[in-house]
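Here are a few exercises to work through with the model open beside you. Try each task before you read its solution.

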Amino acid sequence: MTVADAVFYILAVIAIVSGWRVFRTDSMVRASFLLLLSFIAVGAIMLLLGAEYLGIALFFMMAVEMMVMALFMVMFMMNPAGLNPMNMVHQPRVAIGAGVAVFLVLAAVALFAQFPRNSAPSALDPVRSLGRELLGDSMLIFESAGVALLATMIGVVVLSGAGGRFGASDVGSRPPGLTPDAAPAGPPEQEEAASGGGHHGH
Amino acid sequence: MGTDLLLPVVVLFAVLVAGVYLVQVFDGIVASALSGIPARDHWLAPLRRGAWLWLQQDITTEHPDALNWRLAPMVYFTLAALGMAVIPWAGQVVAADLSTGIVLWGSVEALATVVIFLHGWSANAVFPLLGAYRYVALGLSYILISMFVLIGVALPAESLKITYVVLSQQELWNVVRQPLGLPLFLIVGLGIAFWGPLNFADSADLAGGTAAEVSGPHRLLWTVARSAMLVAFSAVAAATFLGGWLGPWLPGLVWMVLKMLLVLAALLLLGRVLARPAPERFLTFAWVVLLPLAFLDLVWAGLEAL
Amino acid sequence: MDLLALLIVAVIALLMAWLLQRPSLRRPPLAPYPQRAPFLGGGTVDSHAWSRFHVRYYPMTLLLIAFEMEMMFMYPWAVVYVEEGIKALAEMGMFLAILSVGIVYGWRERVFRWQ
Amino acid sequence: MSWLQRMAGEAPVPVYVARGIDASHDDLAALALDANIELVATPRHAAVLLVVGTVPAKFHDGLRRLHDQMPRPATTLWYRSRPLPEFDAPHTLSKTDRLAPTLTDLYRTLYGRTPQPVLLPDRPPAPWRGLGDYGQGGEGMMGGTPYGRPMAMTDDDLRDGLQLDALGFTLGPFFGPWAPGLLMHMSLQGDVVQRVSVQSPPFPQAPPTVFGAALRGAVPIADLELARARSHLFGLAHSLETAGLRSLALRTLAHAARLRPGVDIGLMRGWLRRCGLFASVPPGCGQLTRTQAIRIGGTAARAAGQPMDARLEDPAYRRLGFSVIVQDAGDCRARWRQWLGEIEQSLALADRAAGENVYTDQTEVVETPRGRWRRGAGIADASAVLEELLPGMEWSEAMATIASLDVAAGEPGEGGEP
């Protein structure tokens, strides 16, 4: 066994154990960053496989993404730090069944499939070939990704921006009631009460 | 293989340790020059302060996230060291000459945001928590600026490898070729080490922010790690904008260290003469002014490289 | 080789940082409660500080993720930029122009202010 | 004593100052300017707790908390203050000139002594061990007191209908960035202040003695104006410190220490503008309404466009050609500008008055740095204005606003009143 093999096994264990701990910890922040740790271990395995750009890009992307996820998870969850223990697992039987099944299929693929044995040419520069691909055959895909990301950005701004050029974004909208037939949730809007109007006109 | 690996690693840690010490010394000199209060001995002061912190009791808070509380400063320090691993100290002396060195530095910045947040969060106290959330907003904003600026220096080098970035500056340093780059990058540097005007995590209005509840060796490590991040940043700035080891007469390593010291001196001076803006104000400034400027820098670099 | 160096640097740095915290083999006793109370200038807290923290920059973070995703395409692009020349400039110019629309829109809708 | 301990003992003394009633600005400024002393922001960073002035009985527990929070080894020095009864052999001091040397001596000999044990009972803030399903003290999602504290609860938010958790705490009375004695209960959503209630106003501050003397008889205007300029410089230094510019704050304090009539502070005005203090807060931050401005009085009122100044009623000032400086914005920036403008004006007035040896000509009323002071009356406390002003502000803006406002009551100091 070489050093690389040993490092691979250690990283694999880290990836799996931290992935499992995500579901066993009560703290939202810990859960987010355990997932980050799992991704970092996977990214390091990608580095071992010679994917120098993708591995490090994974660190980069996941650090930012998990950070933002932690912000939102803390904001959304009651008891975000898990001060009172809670059960983070829903429908465990189905989940375990699905997990085992997927594991068996993937393990079977790993064991029985015939993988090509030719290793990457030593002169290959993955970043450069990725760049050529972006400017060559995949240009259309690349530019469509740009449009998709633009749509994402606009969607984000529309959905989450509280105020804009035209005033507060919640003006004229009322959230639904918490139970059927209940009064709208959220603070009562005074100008609506004054005009005697209910939901008309919206 | 032995010496190929040993020499750069030894140089790296020597520069890191000496750099951390020098940051503290320089900062003391700048502070007493600006305040007009002569300090007793600039060169011994950091050691004395360190000895005091080393001997002091290390208190935790009532119910901290104990693991992350311990881990955050350690990882922050490690990130600084990893950032320096891709820096060429002289022609062949580089610990890990990754073909994606610039991306690695980017991910150091991103992970530093996570670590600083964790440090503030795990104390479970009001001021550290405010400092942590404040830093996240700003830390995320620096990342984009840093990416634009560093992609700018990668264009003429035709590579993401920092060694090639240095070699591409043989005729002209990037600081001249891309005049907007270094000033923008210095702002990023002050930001990720939360130093001086961009000290949003450990600021004075939060009674020390994420470090408000920290004492003893823990505080010593946090201070060292911040200084180490500043040192690592100055190494990246020296390599990408000031031509790294290139220079006449002197050996490459000496040039590199001199340029790092120059960047450090600039950062430490800036750190003590500028006021900390309200975080919200700076966030808007970063996105509305600095980001377009970084974009402009990239366009400039692109046109210049063709 | 490069990766081994990274590993070695990381291990040494972690070790240094660990030693700097003056680790002891025996777990030190916890400080008494009043010593661990959070600092508030003599005041007291009503609750744990961990809470559903209402930050004011949600749109900024989401916009950042979209923009950053796009920036990851730029690293490979930067490497081949000079050899591909005008084509690379035009393509990336178009790509960035599309995304700048997003940023300008966000700016017009004031998402870069905290809410 | 090991060599490491000897070395640690050579470091500047990290001091946390708990200011009581009649803590003198001048003493603290001298301490800040001493190269052997470092004033720190939290007791966690301190080795010596310096208690200055009398601490009323209701704040003794707050003081005990500060004392207990210091990492050991630590010690306490009582300067013109009565030690708490728990201390068997307290270090006390009343001589001003011995303050820095005593602190240094105490610090140098820190490692030899047994540290003072904690003063408050070693109990969790609420009982929790063994309660609840997992012994962590809580029950359900948000119930109980897990690990000794209740959890933050939902509350309204000023910005939107989103009801997330509010953080509540009382801050003070020894919080460094505030006036001593000010104790406020604050409620925060994220970093935005939602509610503020002043539990205890700041300790009354005696104006510099020369102002008290001015109510008893004629005093040289030069002295009066120098004292005013010095007081405003202290205010500016405090704002600089809050903005993270400690070195420049110390430089300002050094200016204040060697103030003479007619000194030109143009240089200082220059670097104040360049350092970005004014740009650090948004325009309109901490803007006072007309009523609030009048209620606080003094420079805050003049910075909000109210030409209120008792010096107008003094014929001697009129002869010197005094005219009131006013700003119209009434926000933090305006107050800082006002301070700067009044410092320049005071120094010019002092120069003229010293040359012509002019004395005050009015003993009914005097304009102190804090505001108008009529004989027989004090200056009213205005800390209630903070309750109206701070809600809705982001934390750093709130702190900048507090630093730019002086709301403490003014009371005659020793021998101030006839």
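**Exercise 1: chain B**

Read from the N terminus, the elements of chain B follow the order α-α-α-α-α-α-α-α-α-α-α. A word on conventions: this is a predicted model, in which local features need pLDDT of at least 70 and side-chain atom pairs count only at pLDDT 80 or more, while totals for chains, interfaces and linings use all residues. Residues are numbered from 1 along each chain as its sequence is written, and chains are lettered from A and ligands numbered from 1 in the order in which they are written.

*Solution.* 
1. Chain B has eleven helices and zero strands, where helices (H or I, at least four residues) and strands (E, at least two) are DSSP runs numbered from the N terminus.
2. The radius of gyration of chain B is 19 Å, close to the 19 Å from the globule rule for 306 residues, so chain B is as compact as a globular protein of that length. The radius is taken over C-alpha atoms, and the rule is 2.2 Å times the number of residues to the power 0.38.
3. Along its principal axes, the C-alpha trace spans about 60 × 45 × 45 Å.

**Exercise 2: chain D and its domains**

*Solution.* 
1. Chain D contains 14 helices and 13 strands.
2. The domain assignment (automatic or from a database) gives domain 1 (3-112) and domain 2 (209-404) of chain D.
3. The C-alpha centres of these two domains lie 30 Å apart.
4. Four residues of domain 1 and six residues of domain 2 make the contact, which requires C-beta atoms, placed from the backbone, within 7 Å.

**Exercise 3: a helix pair in chain D**

*Task.* How do helix H12 (residues 332-356) and helix H14 (residues 395-404) of chain D pack?

*Solution.* 
1. The axes of H12(D) and H14(D) are 9 Å apart, at an angle of about 30°. Axes are lines fitted to C-alpha atoms, for helices over the stretch in contact, and angles run from 0 to 180 degrees between N-to-C directions.
2. H12(D) is therefore roughly parallel to H14(D), a term for angles under 35 degrees.
3. Cys332(D), Arg335(D) and Trp336(D) of H12(D) meet Ala400(D), Thr401(D) and Ser404(D) of H14(D).

Note on methods:
Two residues are in contact if their C-beta atoms, placed from the backbone, lie within 7 Å. Angles under 35 degrees count as roughly parallel, over 145 as roughly antiparallel, 65 to 115 as roughly perpendicular and the rest as oblique.
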